[in-house]
Amino acid sequence: MTISQEQFTFRSVAEAQTGALAGFLAAQAVPGTVIVLDGDLGAGKTAFSKAFASHLGVPGIVNSPTFTLIKEYEGRLPLYHMDVYRITQDEAEDLGLDEYFYGAGVCLVEWGSIIPDILPEQRLHMYIETTDVGERLIHLTGYGEPYEQWCRSLRENGV
């Protein structure tokens, strides 16, 4: 069975605009939300994650889990911030990430395209593209509901 999808591209020319997108998505988040973040090094995956965490009510500093793989935070919902850049698909399978994906919190997965076989079918995939100094195109693809609806809402109403 092929899962349906909806796409939307968001143009951000300021960090505040990316933060507004993060705020919109954090407001939609429910237990089991999975957002995959991809893009070149320095494109803004961690910056988006920080803004998302802030809007989710996570206090304190949120930084990249590059060497720890997973960092857990408490906010309105538990936040599981993952960076799978340095692991293989097989290593990811051994970590039991599905317990996070289908748990009571929200998962932000940086470099998630590295582990496509273990990601949930239903998820939001974001690809962040640097187009100029301070400017980003953020390509969102919602796979299944509610993520398709999020993309439709963004296209129809903006942030």
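The largest pocket of this predicted model has a volume of about 220 Å³. Of its 13 lining residues, the closest to the centre are Glu15, Thr18, Gly44, Ala47 and Arg136. Here, a pocket is an open set of points on a 1 Å grid over the protein atoms alone, where a 1.4 Å probe fits, with protein on both sides within 12 Å along at least five of seven lines; lining residues have an atom within 4 Å of a point. The volume is the space filled by probe spheres set on the points. Rolling a probe the size of a water molecule over the atoms shows where empty space is left.

By class, the lining has 6 nonpolar, 4 polar and 3 charged residues; Gly counts as polar here. At least two lining residues come from each of α1 (15–28), α2 (45–55) and β7 (135–143). Helices are DSSP runs (H or I, at least four residues), and so are strands (E, at least two).

Let's look at two of these elements. The table lists their buried residues (under 20% relative accessible area, with a 1.4 Å probe and protein chains only).

| Helix | Buried residues |
|---|---|
| α1 | Thr18, Gly19, Leu21, Ala22, Gly23, Phe24, Leu25 and Ala26 |
| α2 | Lys45, Thr46, Phe48, Ser49, Ala51, Phe52 and Ala53 |

The buried residues of α1 pack against β1, β2, α2, β6, β7 and α5, while those of α2 pack against α1, β2, β4, β5 and β6. With 14 residues, α1 reaches 20 Å from its first C-alpha to its last, close to the 20 Å expected at 1.5 Å a residue; the expected span is 1.5 Å times one less than the number of residues. Just after α2, glycine 57 takes a positive phi of about 85°.

Now for two single residues. Is glutamate 6 buried or exposed? Glutamate 6 counts as buried because its relative accessibility is 18%. Glutamate 6 sits in strand β1 (residues 5–12), and its side chain makes a polar contact (N or O atoms within 3.5 Å, one able to donate a hydrogen and the other to accept it) with the side chain of arginine 152, at 3.4 Å. Beyond neighbours within four places in sequence, its contacts (heavy atoms within 4.5 Å) include Leu140, Cys151 and Arg155.

Valine 133, in the loop between β6 and β7, is exposed (over 50%), with a relative accessible area of 80%.

Residues are numbered from 1 along each chain as its sequence is written.

Conventions. Predicted model: local features only at pLDDT ≥ 70, side-chain atom pairs only at ≥ 80, totals over all residues. Heavy atoms only, no water.
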